[in-house]
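Please read them with the coordinates open beside the text.

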Amino acid sequence: MQHNPPSTYILRELVDVYPVDAVSWWPGFEQLPTGWWCLLVITSVLIVTAVIIGLNYRWQNRYRAEAILAIKQIMLGHQVIQPEPKTQAMLNQQLFFVLKQVLIYVEPQTAKLADNSVLNAMDKLISHQSKNDAFSWQGDIGQRWINSLYNPNICLSESEMTTLVQQLILWINGHRNQFSIKSWPLSVVRSFVRGQ
């Protein structure tokens with residue numbers, strides 16, 4: 001007896017198997033309701049706004065880091081335990097120059113100030129958090145520092161100089177300026193409304 005291969009009548013009821021659609025990377029993302037799309041857009045706008053505000057705040061306050069770096073470089077250049085009066089006078093002038101540049105950047109009307117009026121301006125710009133500190137620029141160290149600018153015979157001791165530099169850095173980090181993060185969004189809205 002001869003074996004015949006099955007004829008097509010056996011295969012006639014078979015249906016082709018179709019492959020399943022590939023799973024998308026965002027399953028159901030294209031079918032989100034309108035409310036979810038609104039939530040995604042609002043969240044994206046808030047994130048972008050927060051990043052822009054943070055970058056702008058950092059950009060507007062970059063002078064702080066530059067001033068602190070300049071003070072540290074000045075102090076590294078004058079690493080002498082008991083400096084002579086001429087060297088200390090130059091150190092005091094360089095520190096005052098950096099401080100004056102910061103003051104002029106923050107409040108341009110302070111450019112004409114000298115002597116104790118600079119210390120008054122510094123005390124006025126101290127933020128509320130740091131007003132609890134016992135240090136005042138009108139105190140003994142501040143007065144001796146200003147006097148040493150005009151009289152090279154007045155020298156600050158090593159501990160006074162260390163305190164002065166620490167307080168300068170604290171003041172640069174903590175003073176108020178017109179670039180506060182609270183007023184920035186309002187100024188952006190005002191300039192947008194004015195068309196500037």
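The points below go from the overall fold to the core, then to one helix and a surface patch.

1. Overall fold. The model is predicted, and what it shows is a protein with seven helices and zero strands, so that, read along the sequence, the pattern is α-α-α-α-α-α-α. Of its 196 residues, 27% count as buried.

2. Contacts and surface. Among the contacts between residues at least 6 apart in sequence, 62% join residues that are at least 24 apart. The protein exposes about 14500 Å², and carbon and sulfur atoms supply 62% of that area.

3. The nonpolar core. The largest nonpolar core has 33 residues, and those with the most contacts inside it are L95, W145 and W171. Two or more residues each come from helix 2 (62–77), helix 3 (85–106), helix 4 (116–124), helix 5 (140–150) and helix 6 (158–174). Helix 3 gives the most to this core, with eight residues.

4. Surroundings of W145. Leaving aside residues up to four places away in sequence, which residues does W145 touch? The list consists of N92, L95, F96, L99, W137, L156, L164 and L168; L95, like W145 itself, is among the residues with the most contacts inside the core.

5. The two sides of helix 5. The buried residues in helix 5 are I141, G142, W145, I146, S148 and L149. Because these residues cover an arc of only 155° around the axis, they lie on the same side of helix 5. D140 and Y150, by contrast, are exposed on the other side of helix 5.

6. Q143 and its partners. Helix 5 also contains Q143, which touches N116, L119, W137 and Q138 when residues up to four places away in sequence are not counted. For the pair Q143 and L119, the C-alpha atoms are separated by 8.4 Å, although the two residues are 24 residues apart along the chain.

7. A nonpolar patch on the surface. I47, V51 and L55 form a nonpolar patch on the surface, and together they have about 290 Å² of accessible area. V51 belongs to helix 1 (residues 34–60). Is V51 buried, partly exposed or exposed? V51 counts as partly exposed, because its relative accessibility is 45%, and the partly exposed class lies between under 20% for buried and over 50% for exposed.

Terms used: Residues numbered from 1 in each chain as written. Predicted model: local features only at pLDDT ≥ 70, side-chain atom pairs only at ≥ 80, totals over all residues. Heavy atoms only, no water. Helix = DSSP H or I, 4+ residues; strand = E, 2+ residues; numbered from the N terminus. Buried < 20%, exposed > 50% of the residue type's maximum accessible area, 1.4 Å probe, protein only. Contact = heavy atoms within 4.5 Å. Areas by Shrake-Rupley, 256 points an atom, 1.4 Å probe, with all protein chains shown as cover. Core = buried A, V, L, I, M, F, W, Y, C linked by side-chain atoms within 4.5 Å. Patch = residues over 30% accessible without salt bridge, like charges linked within 9 Å, V, L, I, M, F, W, Y side chains within 5 Å. Salt bridge = Lys/Arg side-chain N within 4 Å of Asp/Glu carboxyl O. Arc of directions from axis to C-beta.
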